[in-house]
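Let's take a friendly walk through a protein model, with the coordinates open beside the text. Please load the structure and follow along.

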Amino acid sequence: MNLGSPDSTEVKDVRKYLDQFLMDERVIDKPWLFRAMLVKGIIVPFRAPRSAEAYRTIWTDKGSPLIEITRQLQQALQSKIDEPVAIAMRYGNPSPEDGFDELLKTNPAIDEVIAVPLYPHYAMSSYETAVEYAKEIYQNKKYSFKLTFVPPFYHNEDYLHALAENIRPFLNKDYDHILFSYHGIPERHIRKSDIAGKHCLQSSNCCEVASTAHVHCYRHQAITTTKRVTGILNIPSSKYSISFQSRLGKGWLTPFTDVRLRELPAEGIKKLLIICPAFVSDCLETLEEIAMRGKAIFTGAGGASYTMIPCLNTNDLWVDALIKLIDTRE
């Protein structure tokens, strides 16, 4: 189960997709009436044409890169396991209902469906909303099979190994720094997800202090993934850093990726590698925001070399890690 994409780059389809996405109460967590006025009256009318243009820069003959890569991942996984594999999106098509029905067509007697939200890290606006949406459809349709979910896998050894090996070839080239750019979320989402009560964002080192809050803390999990992967690759702390992209307003996790891309050349970092570990499939946020706009920002600020490391996509080690995640559910 992945994020999703518009059906086409037509403004009407992008508007429909953005409306479903931004009206999600776990994305914009405001009262329904306020959210509807904000999304339908302000954000979508202005953003849809710009987003449609951005999608056109990455669209392929087969359509949305995210959808196509997810289908390729489905095929790669299916080639290695006997159980039927279907895909679904949180927003747009195919829906979880489409995925459930496709599986039932292959075997009406299926007694368990294992859903894998393709988000390594927990956030209410990604992993949580995918799970709750699938549960809602499952309950409303009264399917007879059992539905279980693979949890976030940010610290899973096989996932980390796949991610590290995906990065390793790029370390052979001359580089000054590697920037781990994670999708941003509002700080209030971190606080809302704090099951310990008052731990998250209460101190400068809260992510380093052991707490039950970490099971739902996106920031802690992003830091953990980064430290574990750089440890595997023996990248010294002076040669990497973390930032957060795709912000939609004030009060989001910092530092911001676009700001850091402007600052890094002045700090002597001229040759940059950048990777987006919050995504397992390349999409608008990696192919357009980071690979295109990010490069323009960095080189415009004086950077000499800029390389975006692709997402895991259909990497063999990632497919193998996915099989183990499905088998163990942990």
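What follows covers basis, pocket and cavity, surface, backbone and salt bridges.

## Basis of the model

This is a predicted model, in which local features need pLDDT of at least 70 and side-chain atom pairs count only at pLDDT 80 or more, while totals for chains, interfaces and linings use all residues. Residues are numbered from 1 along each chain as its sequence is written, and side-chain values use heavy atoms, with hydrogens and water left out.

Helices (H or I, at least four residues) and strands (E, at least two) are DSSP runs, numbered from the N terminus.

## The second largest pocket

Rolling a probe the size of a water molecule over the atoms shows where empty space is left. The search here uses a 1 Å grid over the protein atoms alone: a cavity is a set of points where a 1.4 Å probe fits but cannot get out, and a pocket is an open set with protein on both sides within 12 Å along at least five of seven lines. Lining residues have an atom within 4 Å of a point. Grid points are joined across faces, edges and corners, and a volume is the space filled by probe spheres set on the points.

The second largest pocket holds about 730 Å³ of space. Its lining has 30 residues, and those closest to the pocket centre are Pro-84, Val-85, Leu-103, Val-113 and Ile-114. At least two lining residues come from each of α3 (65–78), α4 (96–106), β3 (112–115) and α11 (316–328). By class, this lining has 22 nonpolar, 4 polar and 4 charged residues. Here Ala, Val, Leu, Ile, Met, Phe, Trp, Tyr, Cys and Pro count as nonpolar, Asp, Glu, Lys and Arg as charged, and the others, Gly among them, as polar.

## The enclosed cavity

How many cavities of 30 Å³ or more are there? The count is 1. The largest cavity has a volume of about 50 Å³, and its lining is made of Tyr-159, Leu-163, Asn-166, Ile-275, Cys-276, Pro-277, Phe-279, Pro-310, Cys-311 and Leu-312.

Helix α6 (residues 157–167) gives the largest share of that lining, 3 residues. The cavity lining divides into 9 nonpolar residues, 1 polar and no charged ones.

## Helix α2 and the surface

Trp-32 lies in helix α2 (residues 32–58). Is Trp-32 buried or exposed? At 54% relative accessibility, Trp-32 counts as exposed (over 50% is exposed, under 20% buried and in between partly exposed, with a 1.4 Å probe and protein chains only). Together with Leu-33 and Met-37, Trp-32 makes a nonpolar surface patch of about 390 Å².

Leu-38 is also found in helix α2 and is partly exposed, with a relative accessible area of 23%.

## Backbone points to check

Most residues other than glycine have a negative phi, and most peptide bonds are trans. The bond from Asn-93 to Pro-94 is cis, with omega near -5°, and Pro-94 sits in the loop between β2 (89–92) and α4. The bond from Thr-254 to Pro-255 is also cis, with omega near 0°; Pro-255 belongs to the loop between β6 (240–245) and α9 (257–263).

Ser-246 is found in the loop between β6 and α9. Its phi is positive, about 65°, although Ser-246 is not a glycine, and at 16% relative accessibility the residue counts as buried. Leu-201, with phi near 60°, is placed in the loop between α7 (187–192) and α8 (218–232).

## Salt bridges

The structure holds 22 salt bridges (a side-chain nitrogen of Lys or Arg within 4 Å of a carboxyl oxygen of Asp or Glu). One of them joins Arg-188 to Asp-29, with the closest N and O atoms 2.8 Å apart. This pair links distant parts of the chain: Arg-188 is in helix α7 and Asp-29 in the loop between α1 (11–22) and α2, 159 residues apart. Arg-188 is partly exposed at 30%, whereas Asp-29 is buried at 13%.

Lys-324 and Asp-158 form another salt bridge, at 3.3 Å between the closest N and O atoms. Lys-324 lies in helix α11 and Asp-158 in helix α6, so the pair ties together parts 166 residues apart in sequence. Arg-293 and Glu-288 meet in a salt bridge at 3.0 Å, N to O, and Glu-25, Arg-26 and Glu-128 are linked in a network of salt bridges.

Notes. Patch = residues over 30% accessible without salt bridge, like charges linked within 9 Å, V, L, I, M, F, W, Y side chains within 5 Å. Areas by Shrake-Rupley, 256 points an atom, 1.4 Å probe, with all protein chains shown as cover.
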